[in-house]
Amino acid sequence: MYSRKKQVEEVPEELTAIWLCTKDGCNGWMRDNFSFEAVPTCRQCTSEMQRGTKMLPLLVNTNSDQKSLKKGVQIGDS
């Protein structure tokens, strides 16, 4: 029998280094390789963050040296 439901493709996951917000009640977090600062602050509540890990879908960040970029530097020609 034919079914119109699509097969759900399994997304590969890996244990990923992240930053977790330290403030009680805030669930903010970010991937370490997508943060611009060596020790970032929470974008939701501006509290300190601490290192942690989480099982997340695999993403590739092509700019592996983001933390060395200067803030406010425009990318591209304008």
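Predicted model: local features only at pLDDT ≥ 70, side-chain atom pairs only at ≥ 80, totals over all residues.
I started with the strands and found an open sheet of three, in the order 2-1-3, with antiparallel pairing. Residues are numbered from 1 along each chain as its sequence is written, and side-chain values use heavy atoms, with hydrogens and water left out.

I take strands as DSSP runs of E with at least two residues, numbered from the N terminus, and I call two strands paired if DSSP finds at least two bridges between them.

Which strands sit at the edges? Strand 2 (29–31) and strand 3 (49–57) do, each pairing on one side only.

Next I checked how strand 1 (residues 13–21) meets strand 2: they run antiparallel and are joined by three bridges.

**Salt bridges.** My rule is a side-chain nitrogen of Lys or Arg within 4 Å of a carboxyl oxygen of Asp or Glu. How many does that give? I get two salt bridges.

One is D32 with R51, where the closest N and O atoms are 3.8 Å apart. D32 is in the loop between strand 2 and strand 3, while R51 is in strand 3, so this pair ties together parts that are 19 residues apart in sequence. For accessibility I use a 1.4 Å probe on protein chains only: buried is under 20% relative accessible area, exposed is over 50%, and partly exposed is in between. D32 comes out buried at 16%, whereas R51 is exposed at 55%.

I then looked at E37 and R43, whose side chains meet in a salt bridge at 3.6 Å, N to O. E37 is buried at 16%, and R43 is exposed at 57%.

**Cysteines.** A disulfide needs a pair of cysteine sulfur atoms within 2.5 Å, and I count zero disulfides. C42 is buried, with a relative accessible area of 2%.

C45 is in no disulfide either; the nearest cysteine sulfur, that of C21, is 3.5 Å away. I logged C45 as buried too, at 18% relative accessibility.

Technical notes. Helix = DSSP H or I, 4+ residues; strand = E, 2+ residues; numbered from the N terminus.
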